[in-house]
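Hi,

Here is the structure I promised to pass on.

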Amino acid sequence: MGSGNHTYRVFVSAALFICLGCAGNVAHAQVQDYVQAGIVKVVSGNVQLLRRDQPSAARVGDRVFSGDRVVTAEGGAIGITLRDDTLLSLGPKSNFLLEQYNFDTSSGEGNVAVRVVKGTLRYVTGLIGKHAPERQQVLTPTATIGIRGTDFIVEVADE
């Protein structure tokens, strides 16, 4: 029974090591998901920033992360600058999601994916758009826009 018991301990130790390694990867993935994408530069009126479905009033200087949603009320507007100097401006009655944002400051490479559910978005490309315009994407309820220009406006009407 001695050698069988030893084999069992090795198996349990290996399983525990694998589980701890997985937990470390999950924790690392959660940290990676919340790397700062940008910062709020301008807020006018009532604007909500929702992170993990927890709303808070947007304020100048707030950090913006991949996965954040921005909702502007009637008369509300917000300006956000992303780390690659992409400029995002949302007008009144807008609902916007920063779906994905990655940017490597040393190489200038990255990608941006945003979703405009409703409202108005003005988008001015930054370094990602200058280096790789195909790595930018704006999604709407009815279309996906591949960005090739440097400054444009998207308007999604209420249904």
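How many salt bridges does a search of the whole structure find? The search turns up 2, where a salt bridge is a side-chain nitrogen of Lys or Arg within 4 Å of a carboxyl oxygen of Asp or Glu.

Before the details: this is a predicted model, where local features need pLDDT of at least 70 and side-chain atom pairs count only at pLDDT 80 or more, while totals for chains, interfaces and linings use all residues. Residues are numbered from 1 along each chain as its sequence is written, and side-chain values use heavy atoms, with hydrogens and water left out.

R51 lies in strand β2 and D68 in the loop between β4 (63-65) and β5 (69-72), so the pair ties together parts 17 residues apart in sequence. (Strands are DSSP runs of E, at least two residues, numbered from the N terminus.) D68 is buried at 1% relative accessibility, whereas R51 is partly exposed at 26%. Buried means under 20% relative accessible area, exposed over 50%, and partly exposed in between, with a 1.4 Å probe and protein chains only.

E99 and R115 form a salt bridge too, at 2.5 Å from N to O. E99 sits in strand β8 and R115 in strand β9 (residues 110-124), so this pair links parts 16 residues apart in sequence.

One backbone note: D53, not a glycine, has a positive phi of about 60 degrees. D53 is in the loop between β2 (47-51) and β3 (54-57) and is exposed, at 67% relative accessibility.

Cheers

Note on methods:
Helices (H or I, at least four residues) and strands (E, at least two) are DSSP runs, numbered from the N terminus.
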